[in-house]
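Have a look at the structure first.

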Amino acid sequence: MDTSGQNMLRTLIRVLTERMFKHLRKWFVAHFFGHSRQRARLVSKDGRCNIEFGNVEAHSRLIFFVDIWTTVLDLKWRYKMTIFISAFLGSWFFFGLLWYAVAYIHKDLPEFHPSVNHTPCVENINGMTSAFLFSLETQVTIGYGFRFVTEKCGTAIFVLIFQSILGVIINSFMCGAILAKISRPKKRAKTITFSKNAVISKRGGKLCLLIRVANLRKSLLIGSHIYGKLLRTTVTPEGETIILDQININFVVDAGNENLFFISPLTIYHVIDQNSPFFHMAAETLPQQDFELVVFLDGTVESTSATCQVRTSYVPEEVLWGYRFAPIVSKTKEGKYRVDFHNFSKTVEVETPHCALCLYNEKDARARLKRGYDNPNFNLSEGNETDDTKM
């Protein structure tokens with residue numbers, strides 16, 4: 001290879017090496033330093049609350065065991081299944097010990113060499129294993145018929161009654177908890193989705209903050225109501241700093257904010273007027289703001305009549321100024337309405353005033369031009385008229 005070819009090869013290797021290190025540097029910064037710059041948010045995009053309770057007193061923790069039903073329902077599946085399996089295995093083993101103790105006290109076990117005429121409390125219990133099997137058969141009402149209680153022992157009859165009643169209670173509680181966990185309306189909320197970003201643009205001649213929400217099921221949410229909370233840190237005139245101060249944000253659609261006909265995706269909007277906390281924000285200052293917009297959607301599940309709540313949040317980086325949502329609903333040739341979720345979170349840049357105050361000042365200026373104003377310093381002076389038509 002000549003000198004020119006070697007130089008070209010060295011140049012190519014150097015360029016490729018620089019590009020590789022450039023991409024590695026971007027990846028390293030994004031994955032290790034990018035997370036530290038993320039804003040802390042109270043509500044995640046999927047609606048989970050990011051809050052931690054510290055220094056809870058011991059006696060306060062006992063309240064969770066008083067309301068054991070809600071505690072079990074709120075447990076994660078891995079803990080719930082652990083409790084489910086442990087409750088049944090523990091009760092079977094506990095009563096197996098009782099049946100073994102009854103057989104031991106009544107001298108029914110083979111090591112006591114019972115006589116041929118001896119009537120045991122429970123037939124065919126020869127040890128701990130057979131006692132556990134009889135306990136299992138009794139509690140789950142299998143009843144194979146090989147082991148059974150005789151009428152000669154009152155203690156065995158009492159244990160049989162006690163285990164049957166307790167088994168029904170355990171079975172009802174644990175199976176009910178599993179069924180309630182599966183049918184919770186919280187799972188219905190997973191099929192309600194919000195747009196990834198919120199946008200700010202003009203709607204009906206007003207500057208509005210818009211969010212898109214969709215129902216992924218054909219079943220409706222009855223009596224739906226949507227509203228928002230703006231969370232930010234404020235300082236009172238007395239000098240008190242309030243973290244997570246809540247400000248009401250009214251969201252509406254063209255038909256209001258209650259009893260929504262939620263069959264197709266809706267674009268909800270908040271009018272940025274003089275009463276809005278976004279009124280004094282501008283396109284240039286929005287990314288520097290420190291707030292979290294939490295949006296709630298309450299409704300009743302049509303199929304189960306259970307109420308559910310869906311929520312999400314937006315930080316300043318997720319609010320796009322000067323954009324609107326792309327169309328999502330169209331009509332097919334067959335006369336059906338089609339929803340294209342490919343454009344659900346897609347935005348289109350539009351011409352938008354860079355602040356709400358500018359829009360209202362522009363409207364006031366146009367109104368003044370249309371109305372006009374009288375000049376208070378103008379005085380009409382009267383004089384003699386001359387006839388310039390005379391020759």
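## The nonpolar cores

A nonpolar core is a set of buried Ala, Val, Leu, Ile, Met, Phe, Trp, Tyr and Cys residues joined through side-chain atoms within 4.5 Å. Keep in mind that this is a predicted model. Its largest nonpolar core has 37 residues, and Leu-209, Ile-211, Leu-293 and Leu-297 are the ones with the most contacts inside that core.

Let's pick Leu-297. Leaving aside residues up to four places away in sequence, Leu-297 touches a whole list of partners, including Ile-192, Phe-194, Val-213, Leu-260 and Phe-262. Ser-224, His-225 and Gln-309 are among the residues Leu-297 touches too. There's also a second, separate core of 13 residues, with Phe-95, Val-102, Ala-131 and Ala-156 among them.

## Helix H4

H4 runs over residues 77–105, which is 29 residues. From first C-alpha to last, H4 reaches 42 Å, close to the 42 Å expected at 1.5 Å a residue. Just after H4, Lys-107 takes a positive phi of about 55°.

Which residues are buried in H4? Among them are Phe-88, Trp-92, Phe-95, Trp-99 and Val-102, along with Lys-80 and Ser-91. The cover over the buried residues of H4 includes helices H3 (68–74), H5 (128–139) and H6 (154–182).

## How H5 meets H6

H5 and H6 pack at an angle of about 60°, and their axes are 9 Å apart. That angle is why H5 counts as oblique to H6. The crossing of H5 past H6 is right-handed.

Where they meet, Ser-135, Thr-138 and Gln-139 come from H5, while H6 brings Leu-160, Gln-163, Ser-164, Gly-167 and Ile-170.

How values were computed:
Residues are numbered from 1 along each chain as its sequence is written. This is a predicted model: local features need pLDDT of at least 70, side-chain atom pairs count only at pLDDT 80 or more; totals for chains, interfaces and linings use all residues. Side-chain values use heavy atoms; hydrogens and water are left out. Buried means under 20% relative accessible area, exposed over 50%, partly exposed in between (1.4 Å probe, protein chains only). Contact means heavy atoms within 4.5 Å. Helices (H or I, at least four residues) and strands (E, at least two) are DSSP runs, numbered from the N terminus. The expected span of a helix is 1.5 Å times one less than its number of residues. Axes are lines fitted to C-alpha atoms, for helices over the stretch in contact, and angles run from 0 to 180 degrees between N-to-C directions. Angles under 35 degrees count as roughly parallel, over 145 as roughly antiparallel, 65 to 115 as roughly perpendicular and the rest as oblique. A crossing is left-handed if the near helix is turned anticlockwise from the far one by less than a right angle, and right-handed if clockwise.
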